[in-house]
Amino acid sequence: MITRLRLAAGLGVLAAALSVGLIPADAVADEPSAGKTAPKVELVLDVSGSMRARDIDGGSRMAAAKQAFNEVLDATPEEVELGIRTLGASYRGDDRKEGCKDTQQLYPVGPLDRTEAKTAVATLAPTGWTPIGPALLKAADDLEGGDGSRRIVLISDGEDTCAPLDPCEVARDIAAKGIHLTIDTLGLVPDAKTREQLSCIAEATGGTYTSIRHKDELTDRVGQLVDRAAEPVVVPVAVEGAARCADAPQVKPGLYTDRAAFGTHRWYRVDVLPGQEVRASVSVAADRAVNPDYGVLLRAVTVHGREIVRGSEAGDGRTDVISTGLRHTEPTRDDADVDKPAAVTVCLEIAHSFSVAPSVKTTPGLPVELTVDVVDGPDEASDVAAFGLGRGWWLLGALVVTGFLAGVLWGFVSRWRLAVWRTN
């Protein structure tokens, strides 16, 4: 009987597997959305003479970049159109005017031919100047057209050598065009000036800056940024917080960026209807050398100054970012006009305790990213956590009952076995 049941089960599993295998792949896969423009990414690589330095895991910076490019090209999603642009790859002379024109598109933005792209990367050799500003302008032109996400990933080991065309101003001009183009920057073994310039470029367009000192870090970060291009784009909105709640800007659900000076507080206001829940989180990035002890505070306060709830986080040692968050549900009220309940203004206060050495600049303040969301609050008290358990009370009760019944049953079986043993 058992053998027949096992045979029947095996035949059922085999039939299910065969039936799945016979379904056409097109019927299982999701159909691509019609009319959607493919996301575009252009990798902009610094090929200036300083890339010959051998300070990344015993090899040159250029070798680390080539290895990272080859691995990223192998892993690039099929839906992403990718291109490669270089700066400082051709001109070997000392004429600054000519050196600042040295930027070429090594591989055009479009469907990726991995073999062809790798072959082009293999020909690169560290050569000339560092025209970051001109390269960013050309890269923005390379990504024109379409309504899909667009991203520039700039990899450099030094600051721009072609001023007065300030690359930070170039990034701001690109952001001002409203074309939703994000620039992410990666600094290879950067000094303070390079880190400051690359951070400014990234911040201007809502991008990120990453300091790189190892080959694996470079490969992983470039791969993450290329993958991110295929995800829905959320462009942070620049906002300037006030020194007090009464002057704070009104924010709606969304993602915001600001700067928080050292030793100051930033205030924002959000309207919440009775029965709604406001959820907020804040991240403060350390874009310069900071002292080892730090913390961040996020408070929800009434317009009269009464604290509602707070979230805080502290740490010590080296960090790139520290985050915290909070949630507050506005209670419902028995108003006469129930159809149009009045919104309640909640003030959000952000403060951080980062500090720097006297030799480090304190202006501008540290980058702040604020996320605000307003959702419907819980309908019943049972939805709210009770003693930290929430609906876990059901599970706890079930475990207690189960344990009690199991103990009674085990005691009965033990007594029965003992009686049988004594009888025999």
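Colleague: Why is Asp 287 called buried?

Modeller: Asp 287 has 18% relative accessibility, and buried means under 20% relative accessible area, exposed over 50% and partly exposed in between, with a 1.4 Å probe and protein chains only. Asp 287 therefore counts as buried. This is a predicted model, in which local features need pLDDT of at least 70, side-chain atom pairs count only at pLDDT 80 or more, and totals for chains, interfaces and linings use all residues. Residues are numbered from 1 along each chain as its sequence is written, and side-chain values use heavy atoms, with hydrogens and water left out.

Colleague: What makes Arg 288 and Asp 287 a salt bridge?

Modeller: A salt bridge is a side-chain nitrogen of Lys or Arg within 4 Å of a carboxyl oxygen of Asp or Glu. For Arg 288 and Asp 287 the N to O value is 2.9 Å. Arg 288 is at 15% relative accessibility, so Arg 288 counts as buried. Both residues belong to a network of salt bridges that also links Glu 203 and Arg 259.

Colleague: How many salt bridges are found in the whole structure?

Modeller: The search finds 20. One of them joins Asp 184 to Arg 151, with the closest N and O atoms 2.4 Å apart. Asp 184 is in strand 5 (residues 181-188) and Arg 151 in strand 4, 33 residues apart; strands are DSSP runs of E with at least two residues, helices are runs of H or I with at least four, and both are numbered from the N terminus.

Colleague: Why do Asp 184 and Arg 151 count as buried?

Modeller: Asp 184 has 0% relative accessibility, so Asp 184 is buried. Arg 151 has a relative accessible area of 10%, so Arg 151 is buried.

Colleague: Why is the pair of Tyr 294 and Phe 354 called stacked?

Modeller: Rings of Phe, Tyr and Trp (its six-membered ring) pair if their centres lie within 6.5 Å; planes under 30 degrees apart count as stacked, over 60 as edge-to-face and the rest as tilted. Here the centres are 5.1 Å apart and the planes are at 15 degrees, so the pair is stacked. Tyr 294 lies in strand 11, whereas Phe 354 lies in the loop between strand 14 and strand 15 (366-376). Both Tyr 294 and Phe 354 are buried.

Colleague: What makes Phe 404 exposed?

Modeller: Phe 404 has a relative accessible area of 57%, so Phe 404 is exposed. Its place is in helix 10 (residues 392-423).
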